[in-house]
Amino acid sequence: MSKSLKRVKAALETAGLEIEIIETENARTAQDAADAVGCEIDQIAKSILFEGADTGEILLFLTAGGHRVDQQRAAGLAGQPLTRADASKVREVTGFAIGGVSPVGHLTPVQAFLDPRLTTFDTVWAAAGTPRHLFRITPAQLAHATRARTGSFTE
């Protein structure tokens, strides 16, 4: 098991969750992930990271797979102007490469926000630290494990 998978598994266990991580052929995009597990695209919880333009703080926006983050709305929710975090900053803070960023198991804790669309499903799927691994989780468990605050930030 890779270091990334071990961190995700340990973070889920620390949150008191017994969640199975599955391997797919390809889950690099939300559509790939939805196809791999046979769910709606909006049941994929994408991990989108922004950086505080003035603070450098990394913020996580857990977004339904078919939605896009509206940067202005996200900034309003975060209370600060935001820029898109670049791939090297994402890897530095989370320990994951883009295409497999898990919402849990980051190297550095981040403030998180949850798209209300995700809460309309019984279960959702999230990346488990690689472009091929996913885990199924309830939206309430996801919010608990990430300490995410629900708020409207999508287009």
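**View 1. Strand 3, covered on both faces.** In strand 3, Ile-58, Leu-60, Leu-62 and Ala-64 on one side and Leu-59, Phe-61 and Thr-63 on the other are all buried, where buried means under 20% relative accessible area with a 1.4 Å probe and protein chains only. The strand spans residues 58-64, and seven of its seven residues are buried; helices (H or I, at least four residues) and strands (E, at least two) are DSSP runs, numbered from the N terminus. In a regular strand the side chains alternate between the two faces of the sheet. This is a predicted model, in which local features need pLDDT of at least 70 and side-chain atom pairs count only at pLDDT 80 or more, while totals for chains, interfaces and linings use all residues. Residues are numbered from 1 along each chain as its sequence is written, and side-chain values use heavy atoms, with hydrogens and water left out.

**View 2. The partners of strand 3.** Strand 3 pairs with strand 2 in the antiparallel sense over seven bridges and with strand 5 in the parallel sense over four bridges, two strands being paired if DSSP finds at least two bridges between them. Lys-46 has Thr-63 of strand 3 as its bridge partner, and Phe-61 stands opposite Phe-113 in strand 5. Five residues lie between the strands in the hairpin of strand 2 and strand 3, where Gly-56 takes a positive phi near 75 degrees.

**View 3. Ala-148 in its loop.** Ala-148 is placed in the loop between helix 5 and strand 8 (149-150), and it counts as buried because its relative accessibility is 15%. Although Ala-148 and Phe-113 are 35 residues apart in sequence, their C-alpha atoms are 4.6 Å apart in space. Leaving aside neighbours within four places in sequence, Ala-148 is in contact with Leu-62, Ala-112, Phe-113, Leu-114 and Ala-143, contact meaning heavy atoms within 4.5 Å.

**View 4. The largest pocket.** On a 1 Å grid over the protein atoms alone, a pocket is an open set of points where a 1.4 Å probe fits, with protein on both sides within 12 Å along at least five of seven lines, and its lining residues have an atom within 4 Å of a point. The largest pocket is lined by 26 residues, of which Lys-46, Ser-47, Ile-48, Arg-84 and Ile-98 lie nearest its centre. Helix 2 (30-37), strand 2 (44-52) and strand 6 (124-127) are the elements that give two or more residues to this lining, and the largest share, seven residues, comes from strand 2.

Terms used:
Buried < 20%, exposed > 50% of the residue type's maximum accessible area, 1.4 Å probe, protein only.
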